[in-house]
Amino acid sequence: MNNININSTSPNTSFKGVNKNIARFITRMTKADALAPVIALEACVVSGRTYQAYKRGKWDEARERFIEEIMGSITWLCGVMSLNWLGDKIIAKILKSQGKNFDVGTDKVLRTPFENFMNKMLPKKFTPTQVAWIKSSKVLTSIVLVNLFIGMVVPKLNQGLTKKLRHERKAQQKEQNKPQNTNAVTFKGGVGMSAINGFTNIIENTNAGKLLSSDCGIVTGRMYNARSKEERREIAIRDIGSIYFYMWASGHVGNVLNYLESGKASRLNPNTANILNNHLEEFMNNHKDGISVEEFRNAILGKPMSEVKIDDGITFETQKLSGLSKLMNKKPLEVITLEELEKHIKDKDVLERAREMAKLQPERQGKAVLTKQQVFDAYNKAEINSTKLLNNVFSEFTGGKGKVIGKKPNGKPIRSEFEFEGGAYNDEFRFVSNKKLYKLKAQMEQYIETICKAAKGGKVDKKLLDTIKNNNIMYNGINFAAGFVVAAAFLSTFIPKIQYYVTKKATGVDAFPGVYDFEHHREMDA
């Protein structure tokens, strides 16, 4: 397989003049919180597993699989969100917090939403530990309800419906087997249906926590309610085997393709690239005839961090790592309060940039705080460190909305694609990992290096910016589609085929375990 290099601008690797509708579609589908890909994947899973079930067990297995999958999808897409929304309303009522919600995740030195909430909202009747337990109870209640419904209630309803319909079908068959009746049997199936906070944050705000907390209970419930050991084994293969393809497969496929295409495992998402490209085009307005690669790199990226010198006397507070973090060799976060930093910075321009940098996160219990990297960025004057750019990027990345720039004829707002407001990144009651935000910034820097490497004749101009942006959009689209296809194929087709193969290999019979007695080699009584 030949490697495709995004850094090349040759015709076979460049996507020139990308259709705006295609670009908009890819951009929307690759947003971190996009719902459409989730719905599309669930549609593939439901239809694929139902079809595979029908091929083996006809209507009985197909109906059970459809009901189980569709109820699981609806619960995931609507039920969990509704339960959390209701729980937040109840907590706000209990704590009398005027509807304010809060996160309990923390890095202890930069973002402390729980402490900010306790200090500002002052729920006087409750201690911090009691508030933490109340929040944790909301999350646990949501998990328990979801697990009980999908793991215990739906299987019982499914099995009861199958038993009822099989009984009715057998009664019909006895009646229709009389000599005077030669009509074929018809079937009508129904379709329906601080440790506390850390734990709470993982379950409430991380994808892995949300999925695993529910899947463990759901798999256990389904296996407990299985009608035979063969059905129990199939549930284990299907549900446990699906976890990887729901959570990580798409991302890993994208990483592999990114590496083959550009030599890097990561790629800047189209939404951030769009904001960055607009910022670069504004910069290029002062260089309409183009600019040399060296000038472009220096103006956009500035100096390497190792070459940036800061004023003497600046010392940083170091984050205390947990035992697990130390074992994983994680680097601790280093921070300093703006108040302390102001005592040492001599250059007024640097000080002003530092003050703006401090606004990229909320105050920590009333005091503005900067990370070590932000301090160095304040000393390193460059477009990539522009707080205007970073505010827009971080806002969009953490759920902010485009600024209103006009109104449509129907009165609905027209929102900017390049300037954003809101988002969790500087919300005092929300937790956002600083590591994620600055991993995104590192990808922006990688994107700039891609532009520099692709420059023909050592010159950067707006045409090159458009070419790189189009390449980035299309490669993101290709990688997203490939990851989606792999995940959908395994979840809808390959995993069901594997579970059916294991059953046939173990029993010698290719039958639906829910209605077949493998010990006596006959269908179960209705």
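Helices here are DSSP runs of H or I with at least four residues, strands are E runs of at least two, and both are numbered from the N terminus.

Quick housekeeping: this is a predicted model, so local features need pLDDT of at least 70 and side-chain atom pairs pLDDT 80 or more, while totals for chains, interfaces and linings use all residues. Residues count from 1 along each chain as its sequence is written, and side-chain values use heavy atoms, leaving out hydrogens and water.

Back to H10, residues 293-301. Which of its residues are buried? Val293, Phe296, Ile300 and Leu301 are, where buried means under 20% relative accessible area with a 1.4 Å probe, protein chains only.

Now the hairpin. Strands S5 (401-407) and S6 (413-421) run antiparallel, joined by five bridges; DSSP has to find at least two for strands to pair. Lys401 has Glu421 as its bridge partner in S6. Five residues sit between the strands, and Gly411 in this hairpin has a positive phi near 95°.

How confident is the predictor? pLDDT, its confidence in each residue, goes from 0 to 100. The chain's mean is 84, with 87% of residues at 70 or more. But pLDDT stays under 50 over residues 1-13, and also over 180-193.

Definitions and conventions: Buried < 20%, exposed > 50% of the residue type's maximum accessible area, 1.4 Å probe, protein only. pLDDT = per-residue confidence, 0-100. Contact = heavy atoms within 4.5 Å.
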